[in-house]
Amino acid sequence: MSIAAPELTTERRPLSAALHEWVVTVDHKKIGVMYVVMAIAFLLVGGLEAVLIRVQLLWPRADFLPPVTFNQFFTLHGTTMVFFVGMPILIGIANYLVPLQVGARDMAFPRLNALGFWVTLFGGLLVYASFFMPGGPPSMGWFAYAPLTEKTFARGPGVDCWALGLIVSGVGTVAAGVNFIATILTMRAPGMKLRQVPFFTWTILGTSIQILVALPPLTAALIMLMLDRHAGAHFFDPQAGGSAYLWQHLFWFFGHPEVYILVLPAFGMISEVIPVFSRKVLFGYEFMALATMAIVFISLGVWAHHMFTVGMSRTLDMWFAGASFLVAIPTGIKMFNWLATLYGGKLVMKSPMLFALGFLSMFLIGGLTGVILACAAVDFQLHDTYFVVGHFHWVLIGGTLFGVFAGIHYWYPKVTGRMLSERLAKWQFWLLFIGFILTFAPMHVAGVLGMPRRIYTYEPDRGWAIWNQLATLGAFIQVPSYLIFAINLVWSLWKGKPAGDDPWDAWTLEWATTSPPPPYNFESNPVVRSRRPLWDLKHPDDPDWKYE
Amino acid sequence: MSEAVAIAVEPRGDPRKIGMIAFLASEGAFFSTLLVGYVVYLGKSIVGPTPREVLSLPLVVGTTACLLASSYTVDRAVRALRTGTGGFARWWAATIALGVAFLAGTAYEWYGLIATHGLTLGTNLFGTTFFTLVGFHAAHVTAGVIMLLTVLRLWRRGHLPRREPVAVTLTAWYWHFVDGVWVVVFTVVYVVGR
């Protein structure tokens with residue numbers, strides 16, 4: 001606890017000096033915090049776009065937004081949430097935690113790490129720079145189906161901003177993946193075997209493998225698109241024999257692993273929170289670890305379940321439906337292991353646990369609607385309807401976002417040395433939980449009733465109005481939840497209860513150092529003999545390593 | 001924590017080497033995508049010229065031989081450092097020369113394709129996919145030559161450790177990778193696809 005000095009010195013210095021320190025930093029903790037702050041800022045922007053979309057859909061034949069603006073907003077909303085909220089927030093949290101969890105002083109390549117953050121940020125700004133371009137932001141949807149992106153249909157520079165922004169931020173993501181793999185494989189504390197790393201770190205290893213395989217094909221496809229637009233190439237130009245179908249394959253070869261890139265780290269966070277707040281070890285670590293890697297590899301072969309209605313062939317339809325069912329098995333294994341960890345535990349219902357339980361209940365439903373959609377025959381009916389919109393929001397909010405909130409509420413005391421307000425956290429949770437269900441459950445119904453996604457407005461006689469009104473009401477219940485979250489983050493920084501080193505009585509290495517940790521993380525190299533090194537320290541009479 | 005003695009410290013890899021392997025894996029995914037693009041559009045061009053009409057095998061066999069030989073020379077350079085037998089700079093410089101020869105051959109080939117046959121990125125799908133695939137490979141060779149030159153300069157000025165510096169090893173790995181990609185590109189574009 002003797003290492004509070006850095007905090008004191010920052011307060012005395014002028015703002016410009018503090019700012020300079022953040023801009024030039026290569027410390028994984030500061031970079032992690034910057035990633036998360038960036039992601040939360042984009043979350044608020046992307047959320048605002050979603051609210052405007054929902055207002056437009058509140059009444060049949062509404063004209064709150066012009067049609068083009070509506071298209072631009074759903075394009076930016078999707079792009080923002082996937083590339084500039086989801087990935088950065090997960091990479092940021094991992095940046096902060098992976099070196100601490102494995103007992104290292106920093107990431108393997110600190111400067112590469114800083115590069116990764118800055119190009120991700122500038123990639124995001126580049127996409128948003130399209131607001132200042134003639135023609136404005138792109139309006140073709142986040143998966144940018146060709147030939148809507150070709151010069152013929154998108155003359156302005158909006159698509160270029162979008163493509164370049166994703167190429168640039170993609171470089172940052174690959175850099176982060178390389179860095180995590182090198183860190184986890186080579187920089188673990190003495191004694192920590194690869195099968196003893198904290199579970200969050202393990203999922204980051206899996207995510208990083210997916211990043212290396214899935215991101216470069218997107219980069220290649222975006223380069224092809226730019227060559228089409230500016231160098232006269234014909235990759236996605238049907239008039240010269242090119243094919244829109246190739247873009248779909250290339251995009252979804254990235255796009256489907258991407259959803260696992262977005263959810264595996266959330267699995268990891270849940271797997272840290274549930275044991276600590278159940279006062280038990282994670283049930284079936286080995287099976288969880290194997291299931292994670294099974295997801296990593298199976299999910300590389302499921303991408304064309306986004307394309308059943310394209311008319312591929314029955315063989316391909318069956319293959320991709322089968323592979324998609326298959327990936328539900330390791331996910332199911334995880335679900336049962338989390339439940340088994342909870343079973344018989346002494347549950348502590350603090351905010352991280354609340355979000356973790358929210359995750360378990362909601363992700364289960366999102367996963368099941370995914371299995372429904374993986375049936376090619378059912379998908380023929382539901383493809384590109386609001387059922388799909390409901391499904392993937394259920395997974396990305398119910399899964400990723402609830403997991404991330406569990407993680408942030410769990411680790412905030414470590415990062416800042418202060419506790420978040422439990423009262424605000426509970427308000428945040430219940431508003432989000434209720435608002436989320438109210439927003440996205442009716443979308444499933446609207447989808448079954450035939451409402452296509454991305455339509456700008458609808459006729460009053462379709463029976464869709466009530467479901468859209470419920471969804472918009474839900475969105476307005478969610479809004480204060482996010483604001484309360486942002487306020488809680490800032491307010492607790494000054495007014496939160498001092499946290500101490502280990503407020504949750506947890507077992508992984510990050511809780512062995514001070515809160516916030518010093519720049520060098522640990523005074524001496526920690527030595528690890530089990531999956532719960534801190535348990536061993538606290539209970540020398542009954543250490544874990546005797547049983548593992 | 002005084003029980004540290006009881007812990008057998010497992011050997012861990014060098015982070016720089018693991019990082020390089022991970023980076024090359026991502027490069028592999030990138031080139032695979034370009035190759036998929038090439039193969040998918042093979043024979044789908046609406047107008048000519050076709051690969052058979054314009055691609056000259058003798059020239060490319062020559063450039064391929066340069067690149068394959070350069071993998072050998074770079075390996076000799078690394079081994080010269082490892083065994084301390086000397087001759088590193090000579091083998092390394094030979095690698096650079098072979099890399100430049102490959103690029104010169106590619107430039108000559110492209111000049112012929114563009115000036116004589118009128119094949120550009122915009123001519124047909126063959127031009128689109130060929131120039132993208134071969135161009136990105138050539139860009140990687142160019143980057144490799146710059147890396148090789150940088151290492152040579154650092155070495156000559158004594159900025160690198162004398163016994164197998166990791167910069168040398170990693171540059172050699174990158175070079176082998178670029179060479180390996182070319183073997184696939186050569187097979188797909190000039191042998192199977194022609």
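Predicted model: local features only at pLDDT ≥ 70, side-chain atom pairs only at ≥ 80, totals over all residues.

Reader: How many residues of chain A are in contact with chain B?

Author: Two residues are in contact if their C-beta atoms, placed from the backbone, lie within 7 Å. Here, 35 residues of chain A are in contact with 30 of chain B. Helix 7 of chain A brings the largest share of chain A's side, 11 residues. That side has 25 nonpolar, 8 polar and 2 charged residues; Ala, Val, Leu, Ile, Met, Phe, Trp, Tyr, Cys and Pro count as nonpolar, Asp, Glu, Lys and Arg as charged, and the others, Gly among them, as polar. Helices are DSSP runs (H or I, at least four residues), numbered from the N terminus.

Reader: How do helix 7 and helix 9 of chain A cross?

Author: Axes are lines fitted to C-alpha atoms over the stretch in contact, with angles from 0 to 180 degrees between N-to-C directions. For helix 7 and helix 9 of chain A, the axes come within 9 Å and cross at roughly 15°. That makes the two helices roughly parallel (under 35 degrees; over 145 is roughly antiparallel, 65 to 115 roughly perpendicular, the rest oblique).

Reader: And what about helix 8 and helix 13 of chain A?

Author: Their axes come within 8 Å and cross at roughly 40°, so helix 8 and helix 13 of chain A are oblique to each other. Among the residues making this contact are Ile270(A), Val273(A) and Ala406(A).

Reader: Which residues have the most contacts inside the largest nonpolar core?

Author: A nonpolar core is a set of buried Ala, Val, Leu, Ile, Met, Phe, Trp, Tyr and Cys residues joined through C-beta atoms within 7 Å. The largest has 217 residues, and Ile270(A), Val273(A) and Ala406(A) have the most contacts inside it. Helix 4 of chain A gives the most to this core, 20 residues.

Reader: Is Gly301(A) exposed or partly exposed?

Author: Count other C-beta atoms within 10 Å: 20 or more is buried, 12 or fewer exposed, in between partly exposed, with C-beta atoms placed from the backbone. Gly301(A) has 17, so Gly301(A) is partly exposed. Gly301(A) lies in the loop between helix 9 and helix 10 of chain A.

How values were computed. Residues numbered from 1 in each chain as written. Chains lettered and ligands numbered in written order.
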